[in-house]
Amino acid sequence: MRTALFLAFLLAALGFAAWRGGGPERAMAAIALGLVGADGILHRYIPVEFATLDVGHLAIDVSGVAATATLALCAHRFWPMIAAVLHILPLMAHMSRVLDMTLHPAAYLTMQVAASWLVPPLLILATWRHQRRLQRRGSDPSWHVWWRASNRATPRS
């Protein structure tokens, strides 16, 4: 039941971000959808085992950190940094499992999934704030444009 509730909440957030979000919000929706899809594929072929190091989820979590950290570096928003941290937390669960193999499987599971419950409300709030900035200013830049700082021919905006 918890999984179905989480997936419904996540799908609502992803739909809202895809419909009303800017580039970073849509990118995060795509990242989250990819991670959930990878998790579904993993569970289809490999049984879940929390008594040992969960290498499949470790790989998914590493890719999630890489994607959200890249988003945080490129997006002209603050919230992707929070999303990146939320994706780093499960890596700490895997590290705890490696350092202490006697860690209770329920604790390992909880450490892996607890932070994911914060992603949908973060994405909903980010999308809502994007819409507010659009209403107030008329525009909301999505991405940092790094090359402008070194290109003197292009005026800065």
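**Notes on an all-helix chain**

1. Start with the order of elements: from the N terminus on, the chain runs α-α-α-α-α-α. In total that comes to 6 helices and 0 strands. Keep in mind as you read that this is a predicted model.

2. For the overall dimensions, the C-alpha trace spans about 60 × 35 × 25 Å along its principal axes. Of the 157 residues in the chain, 33% are buried. The chain exposes about 9,600 Å², and carbon and sulfur atoms supply 70% of that area.

3. Now to the salt bridges. How many does a search of the whole structure find? The search turns up 3. One of them pairs Arg77 with Glu25, with the closest N and O atoms 2.8 Å apart. This pair links distant parts of the chain: Arg77 sits in the loop between α3 (55–74) and α4, while Glu25 is in helix α2, and the two are 52 residues apart.

4. Are the two partners in that pair buried or exposed? Arg77 has a relative accessible area of 8%, and the cut-off for buried is under 20%, so Arg77 is buried. Glu25 has a relative accessible area of 0%, so Glu25 counts as buried too.

5. Arg77 has another partner. Asp140 forms a salt bridge with Arg77, and here the closest N and O atoms are 3.2 Å apart. Asp140 lies in the segment after α6 and Arg77 in the loop between α3 and α4, so this pair ties together parts that are 63 residues apart in sequence. Both Asp140 and Arg77 are buried.

6. Asp140 also has a salt bridge with Arg133, the closest N and O atoms being 3.0 Å apart. Both Arg133 and Asp140 are buried.

7. Arg133 deserves a look of its own. This residue is found in helix α6. Its relative accessible area is 12%, so Arg133 counts as buried. Which residues does Arg133 touch, leaving out those up to four places away in sequence? They are Glu25, Arg77, Gly138, Ser139 and Asp140.

8. On the surface, Arg129, Arg132, Arg136 and Arg137 gather in a patch of positive charge. As for charge across the whole chain, there are 14 positive and 7 negative charges, and their mean positions are 20 Å apart.

9. There is a nonpolar patch on the surface as well. Val85, Ile88, Leu89 and Met92 form it, with about 330 Å² of accessible area together. Leu89, one of these residues, is found in helix α4 (residues 79–99). Why can Leu89 be called partly exposed? Its relative accessible area is 34%, and partly exposed covers what falls between under 20% (buried) and over 50% (exposed).

10. Back in helix α2 (residues 23–45) you will find Ala27. At 24% relative accessibility, Ala27 counts as partly exposed. Ala27 touches Leu71 and Trp143, not counting residues up to four places away in sequence. The C-alpha atoms of Ala27 and Leu71 are separated by 7.7 Å, although these two residues are 44 residues apart along the chain.

11. Thr70 is partly exposed, with a relative accessible area of 45%. From Thr70 to Met81 it is 11 residues in sequence and 9.6 Å in space, C-alpha to C-alpha.

Conventions. Residues numbered from 1 in each chain as written. Predicted model: local features only at pLDDT ≥ 70, side-chain atom pairs only at ≥ 80, totals over all residues. Heavy atoms only, no water. Patch = residues over 30% accessible without salt bridge, like charges linked within 9 Å, V, L, I, M, F, W, Y side chains within 5 Å. Areas by Shrake-Rupley, 256 points an atom, 1.4 Å probe, with all protein chains shown as cover. Salt bridge = Lys/Arg side-chain N within 4 Å of Asp/Glu carboxyl O. Helix = DSSP H or I, 4+ residues; strand = E, 2+ residues; numbered from the N terminus. Buried < 20%, exposed > 50% of the residue type's maximum accessible area, 1.4 Å probe, protein only. Lys, Arg positive; Asp, Glu negative; His and termini not counted. Charge placed at Lys NZ, Arg CZ, Asp CG, Glu CD. Contact = heavy atoms within 4.5 Å.
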